[in-house]
Amino acid sequence: MSNATYTAAVVGGGPAGLAAGLALGKAAGADVIIAAPPHRAAGKSTDMRTAALFAGSIELLRNIDAWDLIAPHCAPIAAIRIIDDTGSLLRAPEVVFTAAEVGRETFGWNVPNAAPVSGLHAAAVKPDSRVSLHETSGIARLDIGPETATLTSQEGETFEARIVAGADGRNSICRAAAGIETRTWRYEQAAVVASFHHSRPHRSISTEFHRPSGPLTTVPLPGLSSSLVWVERPDVAQRLVALNDDAFRAALDERLQGLLGAIGAITPRAMFPLSGLTAEAFGANRVALVGEAGHVIPPIGAQGLNLGLRDAATLADCVATALADGRDPGSAQVLDLYSARRRPDVSSRIATVDVLNRSLISSLLPVHLARGLGIVALHALPPLRRFAIREGLQPSGELPDLLKPDGARLMHERSRSGARPTAA
Ligand SMILES: Cc1cc2nc3c(=O)[nH]c(=O)nc-3n(C[C@H](O)[C@H](O)[C@H](O)COP(=O)(O)OP(=O)(O)OC[C@H]3O[C@@H](n4cnc5c(N)ncnc54)[C@H](O)[C@@H]3O)c2cc1C
């Protein structure tokens, strides 16, 4: 039994939770406990997913001293190619967006999911992180009081915190304890995920085939390898994951039309039904929702974890300001501000991904026409392309410090000027 009191507690040891813990501890100067199931070393992870992380996410990881531990496992994405494979009468032209068009070397990096979790975990256990990692089978209860919230682990330990970052995934118990409602929806689609070797170089280009059942996307990995997110109707996806290596390779070969040459070794396949979730508020009752606890978005356009990392950076901003002003970091005022700052980003990403996906799977000619014209416009109009690229990478509007190149210094100066509550 323990009754230590922390400024902030994070529930969940996924990438969003670990990043939030480090952002709150290392950068915002809060005393933080992260309560999460035991960490699984990268080599033992069964997660087949990769995440394309954009520039702001990489800045955050740099600012919390995790990027150098993650970078060796990643590959840069210098261009994104869209190929219309809908078979529509109004076939749109191929479009290639390059990072150079907006003055960058890369759009971001493709990261195997196990790498950020391992890198962030290694950064969190360093003595200067101001983060205590507490291994538990899970937090079983969260009781919200007027001054603090009390977390009780399945092993019976208790911790108090003035603010709780609920980063416990889509079935968040933190969200339920805070009484935050959700809106959920499903798509009649599922994503088949794998990584594979190929004979032809990807030249750091990620390619999206827009198909009537959903996009099929290849994303560069180091060397002659790429990750795959192949969206299909659920029954077709089910059949694909059941294929043996040779049959799956042949099916993929047909879809890629020789783009990456001959397909070599391939990892086991995993399937993810497509669904969406958004919380009605991102903070209430001493709980701030971070990552998939607050929003689940289909794996189209590589937005999910980028949003989760922006949650972490924004929460650190809000908490640092409250601490610097000597205010309660878990107050309704701070949580309302956090929620208001996250709402436009999350809503616009959900809407964009939804419209893009539905425009592909729709059988209506006007919808195909509108999508085709949109792509033609992107093809032909450089200012529109640049706008689309910038908005796709990061929302316009107020940026939290940790998404800026000198964010660690900015945050450090802010937290140094403020009150610093101590762990009991
Ligand atoms: C096929 C696919 C491709 C994707 N590609 C991209 C991409 O290219 N780019 C991108 O940005 N995003 C992508 N995403 C989204 C990204 O994978 C997710 O946003 C991200 O993994 C979610 O991280 P998280 O930390 O929020 O949640 P999770 O990884 O689900 O972590 C939740 C954590 O909470 C823990 N937990 C749960 N309950 C409790 C409890 N009671 N007590 C303590 N701990 C608890 C869990 O054990 C886990 O550690 C993709 C998703 C899919 C499905």
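1. Helix H1 (residues 15-27) packs against helix H8 (residues 304-324) at an angle of about 25 degrees. Their axes lie 9 Å apart. Angles under 35 degrees count as roughly parallel, and H1 and H8 are therefore roughly parallel to each other. The crossing of H1 past H8 is right-handed. Note that this is a predicted model.

2. The contact residues of this pair can be listed by side. H1 contributes Pro15, Ala16, Ala19, Ala20, Ala23 and Leu24. H8 answers with Leu305, Gly308, Leu309, Ala312, Leu315, Ala316 and Val319.

3. How much of H4 is buried? Ten of its eleven residues are, so the helix is mostly covered. The buried set is Ala114, Ala115, Pro116, Val117, Ser118, Gly119, Leu120, His121, Ala123 and Ala124.

4. Arg175 deserves a look. This residue sits in helix H5 (residues 173-177). Arg175 is buried, yet has no salt bridge. Asp168 is the nearest side chain of opposite charge, 6.9 Å away. A salt bridge needs a side-chain nitrogen of Lys or Arg within 4 Å of a carboxyl oxygen of Asp or Glu.

5. What does Arg175 touch, leaving aside residues up to four places away in sequence? Its contacts are Gly169, Arg170, Ile180, Thr182, Leu277, Ala279, Leu289, Glu292 and Ala293. Glu292 is thus one of the residues in contact, but Arg175 still has no salt bridge.

6. Pro268 is in the loop between strand E16 (263-266) and strand E17 (270-279). Is Pro268 buried or exposed? Its relative accessible area is 54%. The cut-off for exposed is over 50%, so Pro268 counts as exposed.

7. Pro268 still has partners from elsewhere in the chain. Not counting residues up to four places away in sequence, Pro268 touches Met48, Val193 and Ala194. Val193 is 75 residues from Pro268 in sequence. C-alpha to C-alpha, the two are 8.6 Å apart in space.

8. Now the whole chain. Its secondary structure comes to twelve helices and 20 strands. Of its 424 residues, 54% count as buried. Among contacts with a separation of 6 or more, 74% join residues 24 or more positions apart.

Conventions: Residues are numbered from 1 along each chain as its sequence is written. This is a predicted model: local features need pLDDT of at least 70, side-chain atom pairs count only at pLDDT 80 or more; totals for chains, interfaces and linings use all residues. Side-chain values use heavy atoms; hydrogens and water are left out. Helices (H or I, at least four residues) and strands (E, at least two) are DSSP runs, numbered from the N terminus. Buried means under 20% relative accessible area, exposed over 50%, partly exposed in between (1.4 Å probe, protein chains only). Lys and Arg count as positive and Asp and Glu as negative; His and the chain ends are not counted. Contact means heavy atoms within 4.5 Å. Axes are lines fitted to C-alpha atoms, for helices over the stretch in contact, and angles run from 0 to 180 degrees between N-to-C directions. Angles under 35 degrees count as roughly parallel, over 145 as roughly antiparallel, 65 to 115 as roughly perpendicular and the rest as oblique. A crossing is left-handed if the near helix is turned anticlockwise from the far one by less than a right angle, and right-handed if clockwise.
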